[in-house]
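Good morning, colleagues. I would ask you to look at the sequence and the model on the screen before I go through the particulars.

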Amino acid sequence: MSTFITSRVIKYSAYASLGRENEIEFKAIFENACYEILKQIREGIFTISILLKRKLLTAMVSSLIFTLIFSMFGGFNINGFFSLFYLNMMFALTYGVLASFFSDWLSKDIFKKPRSREIASFILHFCCGAVFQVFGIVSATVFYIVDRLLKKVKISWLTVIIAFLIVVAVFVIMINIET
């Protein structure tokens, strides 16, 4: 996009130096360039919005799956289940979403073939999860798998908000239940 802007600025300065007889042509070119720049910005924001919706929903779903996996060991305890769920979700919503954005961006920037991108992205997810040892590796792997599955589904902001409200409502209910 920066080369596009640079080329347009050079053209505008050339037209501006020609004088008032080319003013109408200059205005048309300038308006067209502004439209193109705004279109590219809108498409970029739209892409980030799609990714953010998917990553947030992925964090919530993968936290639930992760908790189900780890709550199988040693018997099921409802308090332990929710404690592990909310702890994992806090890490997944913060560190996990950022690490996933970074992993996907870096793999997309380095590799051109889709298969290579996916392998590199998985390795980067795995390495980011390795910071938190076994729990982090399992969580990162589940996050990656859920993210790739949700890539095939169109997600609206309403879906993400409803999922988040359900998580908050269950949290509030669980706090108020005496154990």
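Ile145 is partly exposed, at a relative accessible area of 46%, where partly exposed is the range between buried (under 20% relative accessible area) and exposed (over 50%), with a 1.4 Å probe and protein chains only. Ile145 has its place in helix H5; helices here are DSSP runs of H or I with at least four residues, strands are runs of E with at least two, and both are numbered from the N terminus.

A word on provenance. The model is predicted, so local features need pLDDT of at least 70 and side-chain atom pairs count only at pLDDT 80 or more, while totals for chains, interfaces and linings use all residues. Residues are numbered from 1 along each chain as its sequence is written, and side-chain values use heavy atoms, with hydrogens and water left out.

Let me turn to the overall picture. The protein has 6 helices and 0 strands, and from the N terminus on its elements run α-α-α-α-α-α. Of its 179 residues, 30% count as buried. Contact means heavy atoms within 4.5 Å; among the contacts with a separation of 6 or more, 68% come from residues 24 or more positions apart. The accessible surface comes to about 11,900 Å², and carbon and sulfur atoms hold 73% of that; these areas come from the Shrake-Rupley method with a 1.4 Å probe, and for residues only the protein chains shown count as cover.

Next, the charged pairs. Side chains of opposite charge can pair when their charged atoms come close. How many salt bridges does a search of the whole structure find? The search finds 7, a salt bridge being a side-chain nitrogen of Lys or Arg within 4 Å of a carboxyl oxygen of Asp or Glu.

One of them joins Lys55 and Asp147, at 2.7 Å from N to O. Lys55 lies in helix H2 and Asp147 in helix H5, so this pair ties together parts that are 92 residues apart in sequence. Is Lys55 buried or exposed? Lys55 counts as buried, at 0% relative accessibility, and Asp147 is also buried, with a relative accessible area of 0%.

Glu118 and Arg148 meet in another salt bridge, at 2.6 Å from N to O. This pair links distant parts of the chain, with Glu118 in helix H4 and Arg148 in helix H5, 30 residues apart. Arg148 is buried, at 14%, whereas Glu118 is partly exposed, at 26%.

Glu118 also meets Lys151, at 3.6 Å from N to O. Lys151 sits in the loop between H5 and helix H6 (157-176), 33 residues from Glu118. Salt bridges that share partners join Arg54, Lys55, Asp104, Glu118, Asp147, Arg148 and Lys151 into one network.

Helix H4 itself covers residues 114-130, and its 17 residues should span 24 Å at 1.5 Å a residue; the end C-alpha atoms are 24 Å apart, which agrees. The expected span is 1.5 Å times one less than the number of residues. Which residues of H4 are buried? They are Ala120, Ser121, His125, Cys128 and Gly129, and they pack against H3 and helix H5 (133-150).

From the side of helix H3, Ser103 is buried at 0% relative accessibility. Leaving aside neighbours within four places in sequence, Ser103 is in contact with Ser121, Leu124, His125 and Cys128.

The side chain of Ser63 reaches the backbone oxygen of Ala59 at 2.7 Å. Beyond its neighbours within four places in sequence, Ser63 is in contact with Thr58, Phe85, Asn88, Met89 and Ala92.

Finally, the surface. Leu87, Met90, Phe91, Tyr95, Val131 and Phe132 form a nonpolar patch with about 560 Å² of accessible area together. Patches are made of residues with over 30% relative accessible area and no salt bridge: like charges are joined within 9 Å, and nonpolar side chains (Val, Leu, Ile, Met, Phe, Trp, Tyr) within 5 Å. Tyr95, in helix H3 (residues 78-110), is partly exposed at 31%.

Gln133, in helix H5, has a phi near 60°, a positive value in a residue other than glycine. Gln133 counts as exposed, at 60% relative accessibility.

Note on methods
A polar contact is a pair of N or O atoms within 3.5 Å; within protein, one must be able to donate a hydrogen and the other to accept it, and residues adjacent in sequence count only if both atoms are side-chain atoms.
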